[in-house]
Amino acid sequence: MSAQGNQRGATSVSRLSHDDVVAWATSMVERLSERAVEAEALRELPQATMDDAVASGVFEMLVPSERGGHGLGLRSLGEMTRILAHGCVSSAWTLLFLVLHNWFVARGPQEFQAAVWGDQPYVLMPGTLAPTGTATPVDAGYELSGRWQWATGVQHADWVMLNGLIHRDGPPEARFFVLPIADVEVIDVWHTSGMRGTGSNDVVADRVFVPAHQTLAALELAGNYPPGAELSADPFVRYPMVPVLTLVAAAAALGGAEAAVEHFRERLSSRVLAFSMGDRQAEQPAAQIRLSQAQATLRATRLVWDDAVDQVCEVYDGGGVFETVDRGRIRLAAAQTVRMSIDTVGTVLEGSGASVHFADSPLQRISRDLLTLRGHMVFDWDRTAELAGKLELGLDPAATDLL
């Protein structure tokens with residue numbers, strides 16, 4: 001666990017604006033790029049990256065204004081993630097979720113928020129969506145057991161947020177449980193080909209007591225009217241959970257694709273083709289076409305993502321809510337963003353030669369990260385497209401469909 005996890009006091013950082021966050025993310029691109037190899041070797045964020053993020057105040061960007069946070073929202077978080085991914089996709093992903101899960105806390109009731117934040121300005125808290133634990137009601141709370149995957153950033157955590165099922169008469173209830181990192185065991189399983197810097201290890205709880213006020217029903221967390229919306233005037237608190245989650249996660253893929261195209265453009269300007277008479281690749285019509293193709297696909301990808309972000313912001317800032325079919329469309333747009341980002345990177349790699357697959361090449365790392373990122377269940381193209389098509393035809397979603 002990061003040393004600063006249990007040593008934080010009140011923040012000394014002044015209120016951040018959207019422009020401040022964008023400027024900070026831009027300033028971090030070169031640093032993340034320089035630390036990307038280290039992040040892969042460590043299989044977690046380097047301490048210097050965590051120190052930079054703490055000093056910037058970005059972990060408080062989604063904490064409501066009423067609690068002394070910066071009260072920012074989807075646009076700021078998405079832009080931060082997209083820009084950070086220009087330096088390192090897995091670092092951007094990890095910082096994103098450590099920031100985002102403070103928003104999960106903000107969606108809970110007062111007692112829930114007080115239990116997690118207490119006297120500290122933010123929490124470093126991995127969260128897991130799949131309800132792979134079991135909770136038994138006991139006096140004043142629950143006894144929680146289970147094993148959860150994909151705990152991104154858990155090496156830096158002071159709390160964890162876990163989803164478990166409570167079995168009573170009738171269908172089981174899904175509920176989220178927040179508990180100190182000391183109450184769980186972290187299992188080192190994160191030996192992967194991509195997204196290595198996220199350190200997304202497993203977490204195990206064995207009959208851990210969780211007080212009732214440190215729990216939140218899954219329907220409350222993901223619904224249109226979370227309890228925390230009654231406590232804050234910040235519009236973002238009531239934004240829909242799954243559309244926000246999918247769009248900001250897709251921003252990491254978009255940023256990676258943008259970086260790949262820029263690396264390719266720079267590579268073309270200096271690369272001399274092997275087994276040629278000193279021909280520069282930039283002078284080859286095929287290379288020029290490939291660059292334009294990648295840029296065109298990237299432009300379309302950005303438009304898809306921007307449009308989806310605009311839709312969410314316009315509806316919820318205006319006091320409205322999405323219909324179920326709208327949620328399906330946003331999830332489809334996020335999955336399409338990831339799909340087209342990967343297509344863009346593939347176009348670039350096909351024209352880059354074998355040397356980009358050396359370990360010190362950022363292009364091979366971007367490719368591995370995006371292919372691994374695509375494995376997140378919200379980006380599963382077949383399931384996402386099937387769900388969106390079903391909703392467009394007026395059919396009801398299944399109970400297990402994540403909307």
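Strand 4 (residues 173-180) and strand 7 pair in the antiparallel sense over three bridges. Two strands count as paired if DSSP finds at least two bridges between them. Strands (E, at least two residues) and helices (H or I, at least four) are DSSP runs, numbered from the N terminus. Phe-176 has Leu-216 of strand 7 as its bridge partner. Arg-175 is bridged to Ala-217 in strand 7. The model is predicted: local features need pLDDT of at least 70, side-chain atom pairs count only at pLDDT 80 or more, and totals for chains, interfaces and linings use all residues. Residues are numbered from 1 along each chain as its sequence is written, and side-chain values use heavy atoms, with hydrogens and water left out.

Strand 4 also pairs with strand 3, in the antiparallel sense and over eight bridges. Here Phe-176 of strand 4 stands opposite Asn-163.

Strand 1 (residues 133-138) and strand 2 run antiparallel, joined by six bridges. Val-138 has Gly-141 of strand 2 as its bridge partner. Gly-133 stands opposite Gly-146 in strand 2. The hairpin of strands 1 and 2 has two residues between the strands. Ala-140 takes a positive phi near 70 degrees in this hairpin. Strand 1 runs parallel to strand 3, with three bridges between them. Gly-133 is bridged to Gly-164 in strand 3. Strand 2 pairs with strand 6 (residues 201-211) in the antiparallel sense, over eight bridges. In that pair, Glu-143 has Phe-209 of strand 6 as its bridge partner.

The largest pocket holds about 1,500 Å³ of space. Pockets and cavities were found on a 1 Å grid over the protein atoms alone. A cavity is a set of points where a 1.4 Å probe fits but cannot get out. A pocket is an open set with protein on both sides within 12 Å along at least five of seven lines. Lining residues have an atom within 4 Å of a point. Grid points are joined across faces, edges and corners, and a volume is the space filled by probe spheres set on the points.

The lining of the largest pocket comprises 50 residues. Leu-129, Ala-130, Asn-163, Met-377 and Leu-402 lie nearest the pocket centre. Elements giving two or more residues to this lining include strand 2 (141-151), strand 3, strand 4, helix 4 (89-106) and helix 9 (324-350). By class, 28 lining residues are nonpolar, 16 polar and six charged. Ala, Val, Leu, Ile, Met, Phe, Trp, Tyr, Cys and Pro count as nonpolar, Asp, Glu, Lys and Arg as charged, and the others, Gly among them, as polar.

One cavity of 30 Å³ or more was counted. The largest cavity has a volume of about 80 Å³. Its lining includes Ser-33, His-86, Cys-88, His-263, Arg-365 and Asp-369. Helix 7 and helix 10 are the elements that give two or more residues to this lining. Helix 10 gives the most, with four residues. The lining of the largest cavity divides into six nonpolar, four polar and two charged residues.

The protein chain averages a pLDDT of 93, and 95% of the residues score at least 70. pLDDT is the predictor's confidence in each residue, from 0 to 100. Over residues 1-7, pLDDT stays under 50. For this stretch the model has 16 contacts beyond four places in sequence. Contact means heavy atoms within 4.5 Å.
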